[in-house]
Every structure is written in C-alpha cells, then in structure tokens.
Amino acid sequence: MLRYLARRLAQAAVIVAFVAAISFALIHLAPGDPFSGVMDNPNVSERVRQTLRAQYGLDKPLPEQFVRYIGQLARGDLGWSFSHDRPVLEVLATALPNTVLLMGVALVGSFALGILIALIQVAKRGSATDHALSGVTLLLFSMPDFWLAILALLTFTYWLPIFPVGGAVDAVMHEYMGLGARIVDRLRHLTLPALTLTVLAAGGVARYQRAALLDVLPSDYIRTARLKGLSEREILRRHALRNALLPIISLIGLSFPALLTGAFFIEKIFAWPGMGLAVINAIGTRDYPLVVGGVIIGSIMVTLGSLLADMLYALADPRLRGR
Amino acid sequence: MPWQIQDSAVASLPRPRESAFAVGLRRILRTPSSRVALVILGIIVLVGLLAPFIAPYDPAAQPDIVALKSLPPSLAHPFGTDPYSRDVLSRVIYGARLSLAIGLLATLVSLTLGVAYGAIAGYAGGVGDAVMMRVLDAFLAIPRLLLLLGILVAWPQLSIGALILFLGLTGWFGLSRIVRGQVLALKHAEFVTAAQALGASRRRILVRHLLPNLISPIVVAATVGVAHVIVLEAGLSYLGIGVPQPLASWGNIIQDGADQVAALWWMSLFPGLFMVLTVMTLNILGEALRDAYDRR
Amino acid sequence: MMPPLLSIRDLRTYFYTEAGVARSVDGVSFNIGAGETVGIVGESGCGKSVTALSILRLIQPPGRIEPGSRIEFEGRDIVTLRDEEIRDIRGNRISMIFQEPMSALNPVFTVGDQVAEVARVHARMSKKDAWERAVEMLALTGIPAADERAKQYPHQLSGGMRQRVLIAMALMMKPALIIADEPTTALDVTIQAQILELLVDLQKKIGTSILMITHDLGVIAETTSRVIVMYAGEIVEEAAVDELFAKAHHPYTEGLIHSMPHIGHDQERLNVIPGTVPAPTDWPHGCRFRDRCPYSWDLCEREHPPLYQVGVGHASRCHLAIEPERRGHPHPPLVVEEGVEAA
C-alpha cells in the first residue's frame, strides 16, 4: 500500500513537471513575442513591463528561459497578471475556493443523482422507465455545458425568476446583511450554477454506473446472495452496489476534466467569481500569464483528483488494501 | 456534458474477421435507436451539404439593419433574425455545414496523429515508449478545453484552417493509448512469432495485422471524436475565440445573441437544438458501434 | 410411508433464446426422502445444473419453468410460491453449494459477514449473534482459527477454505436439503476428498438431505445412496448406487462407468462415449442417445423410450428393456459411421 502510494505520487509529480514544460511550450509557440501587445501598450506601466521581462527573461536563449521558468513555477510563481495588476497566483488563489465549492457540490450531487438513476434503471431493467431514463442520461451526456447553462439561466432567472441572475452574492445588499441572511444569500446564488453542473455531470455518472451494475449482476456471488434468500432490492443495494462502487471511484478521478470544463462555462454564464471566470475574462484582455496559470492550476487539480481517486480505490478494495 | 473516457471503454477488442466496418454497420442497424439516429444524422448532413439550396436567405446578408434586426420567430423568419438583421434559420443551416466539416476534418487530424504516435510508441518499446507514455499522461491531465484556451489566446486572428488543426492536435491522446496497446499485444502475439519463424519480416506482419485490429477502435473514436469537436468548437466560438466572425457556426450564432440572452432567446435555442441533436445521434451511434464490436 | 421431502413431477425448464427454444430440462420427475443423499450424474449440458437451479427457482430470463411442472417441498409447490415465500426457503430450508468457490463469494465483504448474512436474513439475528453463529459454523466445517479467518476477505483464503466457507453458509440454518452442484470440481484432488468427507460427515450430524450434482461417478460412489443419470434433459436411468454400478442398464450409463478413471485420480473429460450431447434446441426424435448408442435399432428412431421398470427401484429409458437379446449384438455407433465428430 505504501509503496503503491509512493509510486503513484511520483507519477503525479512527473505529470505536473511535464505540464509545466507544455505550458512553457504554449507561451513560446505563440506567433512572435507573446507580449508584444502588452509591451507596446502605453497604458502598461513600466513596472509591469520590467516584471514581465524578468519573469520570462525574454532576451535570453530558450534553454535558459526554460530553466528560469521552471524554477519560478517550482517556487509557486506563476507570473504577473497585467489585467489585474497582481501576481497570477494571487488572482487564482482568490478565485479558487469558489471553483472548488462549485465543483465539490456538483461532484457529490452528480454522483448521488447518477447512482440513484442507475439503481432505478437496473431495478427495472428493460422496462419503459429504464429506456426513458437512458434517453435522459444520453441527452445530458451529449449536452454542451454552455448551452444547458444558458437555458437554465433563461428559464430560472428570466422566465421564472426564482434565482438571482449571477455572482456569488448580491452585489449591493450583501454587505448590509446579517449572518443568517448572508448564508441564505450565498445559497441562493450557489443553487442554480451548482444544480446545472450537477445535472450535466449526472448523465455520465448514471450511464457508467448502470453499465457497472449490469456487469456485476451476472456474477456468481450475486447468485449466492439470491440463494441466501435476499430480495432483489437487498441484493442490488448491498451486494451489487458495493461492488459497482469500485469502478465509480475510478470514475471520480476520470470525471475531473469534464467537471472543470463544465465549471469554466458555468462560471462564465452565471458570473460565478471562480477560476474559470477569471481565466475566460483573461482571454478577452489577452492576459496571457493568467490564462497559462489557469491551465497549470487546472491540470494540477485534475492530477490531484485522479491521485485521490486511486488512493480511495486502494482503500475501498480489500484485494488491494493488504498490499 | 461530454466526458473523455474513450480509451478504457474500447480497450480490448477482439480481432475482426470480416470487414469491421460492415460488421459494425450490420450490428448497429439491428437496434431501433441507432436506426433512428442514423436517419436524423443523415438528414443533418444532407442539410449541411445542400445548404445553398435549402437556406431561404443568404446567411451573411444584412438586408435592413434597422427594420429587420432582432425579430422573434415568424413565418418569414422561422428562427427569427439576429441583431444584424441576418436570418437565423439560414445561418443555422450553414452552421450545420461548417460545424460538421470542422468536426470531420479535426477528427481526421486526431486519428492520424493518434495512430502514428501510438504505433511508434508501441513498436519502439522500452525507454522510448515509457517517455512517450509519460508525455501522453501529461497531455491527458490537461483538460482539452484548457489546453485549447492556452493555445488560442496567443493567436488573436485565427484562420479556420488553423482552428481545425488545433482542434485536431488536442484530440488524439486517448486513441494513441489504444493503438499502443494493440501494437504491444500484437508484438507478443504467438502468431506473429510463428509467422516470423516461417521467415516473414516482423515489421511486415505487424503492419499487415495492425490495421484490421485497429479499425474498430478507430471507427468508435472517430464517431465520438466528431461529437467532441462539435461541442468544443461551439464552446470556443461562444467564448469568442473559435470560428472567426462573421462565419456562421452554431457556436457563433449563440455568441451573437449572448449579450441579450433573454431578449434574443431564439438565437441560443435553435442552434443549440441542432447541436444537441447532432451530438446525441453521434453518441448513440458511437455507443452502438462499441457494443457491436465488443460483443463479437 | 412418510411423504418424500422433495417431490419433482414433470419438471420442464425451457430457455427462449435467439437460436430457438432450449428444452434444457424436459420432463424430469424424482423424489428425495428426508436424510437421503441422491446423486444426479451426467455430462455438461444434460440439464443437471438447470434442474438444481429450478428447485430454488433461480432460473433467470430468458429461461422459465414451464407451467404444469411441480416441485413439492415440505407440502408446498415451489413453482407457484410468491417471491417472498421462495426467498424464505432459499438459504433457510434449502441451500446450495456451487463449484466455483472463487467467484461465489463477494470479494468486498469478509467471509464472516457473508456467512452471518444468512442468519440475519432468516433468523433476524443481531449482528453480534449472527457473527458468533457464523464463526461456530466455520469452525464446524473444519476451518482452523475460525474467529480470525472470519475477519478475512475471500481472496485471502485458499480454494478449499473458500469451499468450506460456502458449506458453512449452506449449513447456517440447518436446512432440510442441500444441493451441491459439482462442489469439488474446482479443487485439488486431496482437497476434493476432504470436502466430500466433510459433507458426508456433516450430513450425518445435522441430518439434512443432499442432492449431489456431478459429472463424476467417483463422487457419486463415495457419497450417495441413490443415483439419477441424466441425458439430454431427461432422466435415463435411476437406481440405488450399488445396483447401478453392478447392473447398469442404459447404454449411456454403461458408457459413463466404462469411461471412469480409477477413483481418486484427477478426472479426465468423459471422452470414451463417441459423439457429443445434441443441442437442447434440437433434441432428436425417438431416443435422444440413439446416434451414440452401440445397440440402437429402428425402434429407437421411431419411438421415444419411456422409463421402463428394470429392477427393484431401478428404471431405465431404453428399449433394451423389451428386447434384451440385442445387447449381445453391438454395432459401431451411428456418429462414427457417418463420420460425424467422434470426440
């Protein structure tokens, strides 16, 4: 177990190192000097220009620039965001908790909802309910994130104005609220974006979980459970689900790229002040360091997510636990 | 929400005997849902191909930017008009052409790269293979959209060809893993050793047997890949860094109405419906193909 | 005379597959008395396992027990019981042991948990009581340090140990009948003997009936008192064990006995009888064994043989019962003459 953990950690470290190299390549793939627009812009202060030059050592040969760049990344220096006039790390660190909150709620929600749908489908496999739910989950699975978010926004803030239009809190009134009202205000703002992301991700979870359950059901140990006199419902809940949970844990790791991508669009559409909104707004202002910083942090999140899922898997599977 | 888990799902496929494509088609035609999907997809493709004959208006024409702008759906304009007085239905029809073409071309790029990289890694083996696989892990750790954001933000005026290239460049990682696995499995397969003992060259055998083994994962990856690209392209266009304006792609049309989503709801609704229909039918077919090949 | 514990009458279990209707069990009738050990023997595909699963109504679609079949157990017809009622019998009054001790246990629960589950379902025992009972049963099946072993997962136990766990599970509620479907096939020879001994031993202690299903006449000889030979979905011969080995009547049974290696040796496939079992979707007319039989004549093609009474408690589905002199003139089986696969 410990050796497995160490190996897996080393793997993750290698991946992050490669991601850093890729991000360096991204910067230097750009036509001409990636900062020419910034450098020539009279509105950019001399201080920023100097920081940028120092950061990227733009006059030095490429290998040296690379070593500098990696060194800076290793120290947690992601560069300077000129649209915010603050270090990139600071900008992203302020936004990150909101993204983590959104993704966390959606992760828990989508797995709960997805597993529930799959259980209903498998309990009534072959029925009209099963087919109808398969259609729904396929629809969600095929749905472009941004389009469902737009529809949700249209439906629940304009046509049926139940939820506030955007942001994490009421822009004006939040300051003047008491603690209770503030919490309610936050929840009201969180609900629609989190729900949208939950529903989007639940489609994939349900499809995967249904297949996993159907994989488990013909097993001999399910027959043993039937033989003991357990009801189909008990078998599904106790024996099949428990075994089908193992693939679900791997799915948690695999779901991070899709969740993060979804969060980016949803933050943009619901003006949710997270990392995605920061990065997408940075595209508009061509704030290159911020975008690349977002790519790096996002990739680290994905890597950590799959690392975490692998460790959970090793803990949950008694066959691996002993090693 | 499309997930990118193609590789695990089609990992081990048996060796085809008759033409994999024929088998796939025959199998998927058996299920009613994929028959319906095939018909719908066929209609959308036809609409795209015949766009100039079907579209009621010129998708770029701005007949009267004052009187005809932002009209809700009516008989004359079933999908309404946009803020530049362009007919949304015509733009959606031309959008089908563009979005499908981008999806197909970018997927072609991905398939070529994926097969080449995977084959080289699998054939090389040893250290070379290990390094190539670690690089692949890193690319797989970067969500495709983020990678594209990182690339595209540096290229302010992007031609459509370059966009297709970049979409293709970021879509081959999963497939190349499968290809590598197949090459590795083949390398150690007994019949290869046996044929070698009979004097055939190892490389020749590999090449001869590789392609038939790869057809099924490639067909599946291509079907699902086109769906992915369509969604990605729309997302990027929606963010304003995809298909250059004023070309009509589904994402661009939605982007044109994005400032006033509530007032111009028809501009998000109709192109989105077409997009979802296309992606869904492609996913149904991809899944049916996967089942068809798995079941053999 | 006491009514038998289990009485099966005209059991037919069919599978409605794409290739046609597979009549896997096609009109089987037999009894098992209280405390009796009965064996069913036959090649794979003869319908013996489907018979076993039918008794517990564990047939999954597209298979089903045909209407008209009766499985009377303790005065009730299992075929028509409601789902809750049959669940109450499973693992409680009738339990079953399978041949795959590896896969028959759920990999994510401890073996103690899985054994205890039986008592929790049927006796509504508390978690603690059920666990204690499970450890007791595990010890009874000869698992050393049972309280420690109970906390382990299936993959930590050997094949023989796992089979003991399954036996403990089957014995938890002291059932009236245990169905053992090839309980030793997957095990090493030495372990096989131990497990069989254990089963016989426990049967004496607890007094349950056993239905032993196997392709191995050696197992039958060691454990049972009465034998049913199945072929192509039917019973072809039934007799007391000694009678069967001494005076086998049906040519198929003869073939089985001839193909037996020395008892105690690792079992080979039964490959002395030429040909293979026909497909269950397409049983031949007349006698189903005809093509593989060295005595068959035109009557065998014309008429499906009934079960003839050939001795005391001895029945055989062979026309030789009415023309016994033909046994003196064997001929090469049809499958060989026709050049059809002779395995």
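**Reading chain B**

Author: Taken in sequence order, chain B has the pattern α-α-α-α-α-α-α-α-α-α-α-α-α. Helices (H or I, at least four residues) and strands (E, at least two) are DSSP runs numbered from the N terminus; chain B holds 13 helices and zero strands. The model is predicted: local features need pLDDT of at least 70, side-chain atom pairs count only at pLDDT 80 or more, and totals for chains, interfaces and linings use all residues. Residues are numbered from 1 along each chain as its sequence is written, while chains are lettered from A and ligands numbered from 1 in the order in which they are written.

Reader: What is the mean pLDDT of chain B, and where is confidence lowest and highest?

Author: pLDDT is the predictor's confidence in each residue, from 0 to 100. Chain B has a mean of 83, with 90% of its residues at 70 or more. Confidence is lowest in helix α1 (residues 6-9) of chain B, at a mean of 40, and highest in helix α8 (residues 160-169) of chain B, at 93.

Reader: At what angle do α3(B) and α5(B) pack?

Author: Axes are lines fitted to C-alpha atoms, for helices over the stretch in contact, and angles run from 0 to 180 degrees between N-to-C directions. Helix α3 (residues 32-49) of chain B and helix α5 (residues 88-124) of chain B pack at about 105 degrees, their axes 7 Å apart. α3(B) is therefore roughly perpendicular to α5(B), a term covering angles of 65 to 115 degrees. Two residues are in contact if their C-beta atoms, placed from the backbone, lie within 7 Å. Here B:I44, B:V45, B:V47 and B:G48 of α3(B) meet B:I93, B:A96, B:R97 and B:L100 of α5(B).

Reader: How many residues of α13(B) are buried?

Author: A residue is buried if 20 or more other C-beta atoms, placed from the backbone, lie within 10 Å of its own. In α13(B), 24 of the 30 residues are buried, whereas buried residues make up 49% of the 296 residues in chain B.

Reader: Which helices of chain B supply at least two residues each to the side that touches chain A?

Author: In total, 39 residues of chain B are in contact with 51 residues of chain A. The helices are α6 (126-141), α7 (144-152), α11 (202-238) and α13 (265-294) of chain B. The largest share of that side, nine residues, comes from α13(B).

Technical notes. Parallel < 35°, antiparallel > 145°, perpendicular 65-115°, else oblique. Buried ≥ 20, exposed ≤ 12 C-beta atoms within 10 Å, placed from the backbone.
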